[in-house]
Amino acid sequence: MRTLLVADLHLSEHTPAMTRGFIRYLETTAPGARALYILGDLFDAWLGDDLLDQPHPLAETAWEVIEALRRLADSGTAVYFTHGNRDFLIGERFADACRATLLSEVAEVELHGVAAVLLHGDSLCTRDSAYMAFRQQSRDPQWQAQMLAMPLAERAALARQMREKSGEANAAKAENIMDVTPTEVVKLMEAYGVTTMIHGHTHRPDVHDLIVAGEPARRYVLGDWSDEDGWDLVADDSNAFSPRLRRFPLDAPPNAD
């Protein structure tokens, strides 16, 4: 049995190739897996679950994705979702429509006999003080309620402004500021007593060896999807727990194995 993990697809009404590629992945690669974990930023921006009732182009894309995820879940693969920094307004209605389970910000899970922490990864980027201030605001229930009370068109305009502002700000930041803070990684792993961490967000796919509480540990970083390629991490029931980080063409994702 396999477990699959993905992150940072950033789907929108402007990414039809990626949407088709992800649905193809759900139909050809994911069936038969024990679970699929989506570790945030499935969408480039999520304006609230009430979007699903609106005649909005993103709603059409969302329903295509929802129906594909629901078919996968109905086939026996458990689907889990963690909020990212772009789709933190996803709620229970979206999850219920997908037959998915919403995870906490940091989720401790057992992957084929090994304890691991799963998260989007933005909370680890503590050197980016401007982003951390926004993150604290955007996770505040009162702020979210105010956002969701706004008309959809106003939310969409605000989301565009926020993305533009973020892009301009990131262009001026040093690379290390936008990466995880190593001490935060170790601190979180020690707090949960694990030696395996899996996250996305940084768009820097890699496997990092480190030491946590005197023990060898590993941090797996998922890659971000594009119109041409996707990324996943595959864990299985082999005796030596060693998840595989994969990059694959969207028009020919790996077959279920």
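Colleague: Before we look at this predicted model, what counts as a salt bridge?
Modeller: Two partners are needed: a side-chain nitrogen of Lys or Arg, and a carboxyl oxygen of Asp or Glu. The pair counts as a salt bridge when these atoms lie within 4 Å.

Colleague: OK, so which side chain does E105 meet in a salt bridge?
Modeller: Look in the loop between β4 and β5 for E105, then go to helix α4 for its partner, 30 residues apart. The N to O distance is 3.2 Å, and the partner is R135.

Colleague: Is R135 buried or exposed?
Modeller: Buried means under 20% relative accessible area. R135 has 9%, so R135 is buried.

Colleague: And what about E105, which class does its relative accessibility put it in?
Modeller: The in-between class runs from the 20% cut-off for buried to the 50% cut-off for exposed. E105 is at 44%, so E105 counts as partly exposed.

Colleague: Which residue in the loop between β6 and α4 pairs with R135?
Modeller: This salt bridge has an N to O distance of 2.8 Å. Since one partner sits in that loop and R135 in helix α4, the pair ties together parts 13 residues apart in sequence. The loop residue is D122.

Colleague: Let's switch to the second largest pocket: which helix gives the largest share of its lining?
Modeller: The pocket is lined by 15 residues, with S12, E13, H14, A45 and R163 nearest its centre. By class, the lining has six nonpolar, five polar and four charged residues. The largest share, four residues, comes from helix α6.

Notes
Residues are numbered from 1 along each chain as its sequence is written. This is a predicted model: local features need pLDDT of at least 70, side-chain atom pairs count only at pLDDT 80 or more; totals for chains, interfaces and linings use all residues. Side-chain values use heavy atoms; hydrogens and water are left out. On a 1 Å grid over the protein atoms alone, a cavity is a set of points where a 1.4 Å probe fits but cannot get out, and a pocket is an open set with protein on both sides within 12 Å along at least five of seven lines; lining residues have an atom within 4 Å of a point. Helices (H or I, at least four residues) and strands (E, at least two) are DSSP runs, numbered from the N terminus. Ala, Val, Leu, Ile, Met, Phe, Trp, Tyr, Cys and Pro count as nonpolar, Asp, Glu, Lys and Arg as charged, and the others, Gly among them, as polar. Buried means under 20% relative accessible area, exposed over 50%, partly exposed in between (1.4 Å probe, protein chains only).
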